[in-house]
Amino acid sequence: MRLLVLGGTVFLGRHVVDAALGAGCAVTLLNRGTRPLAFMGPVEQLQGDRDGDMSALRGRSFDSVIDCSGYTPAQLQRTAEVLGERCAHYVFVSTISVYARFAPGCAYDETAPLTSAVDGYGGGKARAEEVIQAAFPGRVSVLRPGLIVGPYDPTGRFTYWPLRVARGGRVLAPGRPERPVQFIDVRDLARWCLQLAQQRRAGVFHGVGPSATMADVLEACRPPTHHAVECVWCDDADLVRANVAPWSGLPLWIPEADPDFGGMLLASGDRAVAAGLTTRPWLDTARDTLAWARVPGSATASATALTPEAEAQLLADLSKKSH
């Protein structure tokens, strides 16, 4: 299969390239060329800018495109124009942020109302979906992932937890232990992107893994041989009063009663599973993420997450409150 990957050097894209090479695809990359990588096999690398010159694609044809780097309708329009009819199928990686809101306690599927915004991350992706579906009617797979995690994650949004639990001691755990959370291993998402491209399966799908509880996630992050770990659970109200930033201050935490985002981690994955998505155990994701994060030079926890000093202060405050 002749596959074009737009992006391909940061996170999801690099795993897509690995999966495609492993499957014997002829892979072409188009990106700005600012992050050169050595891949496991031969890859044709073209230079271009989604906001400017994409002439390197002119006259080229592909069996499928996997787009990991499109964020705006203008970028998708420019891509559609340069490819024309020389693209048999298009996989566009969008986001669950395209939805208008996430009502507390309400699960949702791919038919939920989209945001009407035209700007910002969610608005740009929503309008980009519309552009690419209009350009390639019946030939587009739209993937709406939630939190993508695993090796080479540049955000640290999940990496915080394997690193923090591995340090041991008293761990500030957000919300209630049974609070449902979702994420997807980047390698599973990449493999599924390729599968959809190979099958030319059109449709809109959530790219999410099975629902877990926050207690399940922290347990999966616990190394098999390590000093004691004690999870100290702090309810939403106390975290809000302490000015802990939802999602970034403590990754995977959003107050469940938040009127706009309380249900964000309740996406249905039924359609994706029916379309062939399979996911690995949470334990494997946590173990591999920790191993990668410990390699010198790898990215570590999010810069916006709680510092050890801030966490220690919150734990001390909780101890005083309980007494």
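User: How many helices and strands does the protein chain have?

Analyst: The secondary structure comes to 10 helices and 13 strands. Keep in mind that this is a predicted model.

User: What makes the radius of gyration of the protein chain agree with that of a compact globule?

Analyst: The rule is 2.2 Å times the number of residues to the power 0.38. For 323 residues, that gives a value near 20 Å. The protein chain has 20 Å, so the two agree. Along the principal axes, the C-alpha atoms fill a box of roughly 70 × 40 × 35 Å. Buried residues make up 52% of the 323 residues.

User: Why is Ala 56 called partly exposed?

Analyst: Buried means under 20% relative accessible area, and exposed means over 50%. Ala 56 has 28% relative accessibility, so Ala 56 counts as partly exposed. Ala 56 is found in the loop between strand 3 (44-47) and strand 4.

User: How far is Ala 56 from Ala 202 in sequence and in space?

Analyst: They are 146 residues apart in sequence. In space, 27 Å separates them, C-alpha to C-alpha.

User: Why does Gly 169 count as partly exposed?

Analyst: The relative accessible area of Gly 169 is 31%. Gly 169 is found in strand 8 (residues 169-174). Val 229 is 60 residues from Gly 169 in sequence, and 4.9 Å from Gly 169 in space, C-alpha to C-alpha.

User: Which way do the residues of strand 5 point, and are they buried or exposed?

Analyst: Strand 5 covers residues 90-93. Tyr 90 and Phe 92 point one way, while Val 91 and Val 93 point the other way. All are buried. In a regular strand the side chains alternate between the two faces of the sheet.

User: How do you know that strand 4 and strand 5 pair?

Analyst: Pairing takes at least two bridges. Strand 4 (residues 64-67) and strand 5 have three bridges, in the parallel sense. The count meets the cut-off, so they pair. One of the contacts has Asp 67 with Phe 92 of strand 5 as its bridge partner.

User: What joins strand 5 to strand 6?

Analyst: Four bridges join strand 5 to strand 6 (residues 140-145), and the two run parallel. In strand 6, Val 142 is the bridge partner of Phe 92. The chain crosses from strand 5 to strand 6 through helix 3 (residues 120-135), in a right-handed β-α-β crossover.

User: Which elements make a right-handed β-α-β unit with strand 5?

Analyst: Strand 4 and helix 2 (residues 73-83) make this unit with strand 5. It is called right-handed because, with the strands pointing away from the viewer, the path from the first strand over the helix to the second runs clockwise.

User: How many cavities of 30 Å³ or more does a search of the whole structure find?

Analyst: The search finds two.

User: What lines the largest cavity?

Analyst: The lining includes Phe 183, Ile 184, Asp 185, Arg 280 and Trp 282. Strand 10 (184-185) and helix 9 (282-293) each supply at least two lining residues. By type, four are nonpolar, three polar and three charged.

User: What makes up the lining of the second largest cavity?

Analyst: Seven residues are nonpolar, three polar and no residue is charged. Among them are Ile 96, Leu 147, Phe 183, Gly 207 and Met 264.

Definitions and conventions: Residues numbered from 1 in each chain as written. Predicted model: local features only at pLDDT ≥ 70, side-chain atom pairs only at ≥ 80, totals over all residues. Heavy atoms only, no water. 1 Å grid on protein atoms, 1.4 Å probe; cavity = no way out; pocket = protein on both sides within 12 Å on 5 of 7 lines; lining within 4 Å. Points joined across faces, edges and corners; volume = space filled by probe spheres on them. Nonpolar A, V, L, I, M, F, W, Y, C, P; charged D, E, K, R; others polar. Buried < 20%, exposed > 50% of the residue type's maximum accessible area, 1.4 Å probe, protein only.
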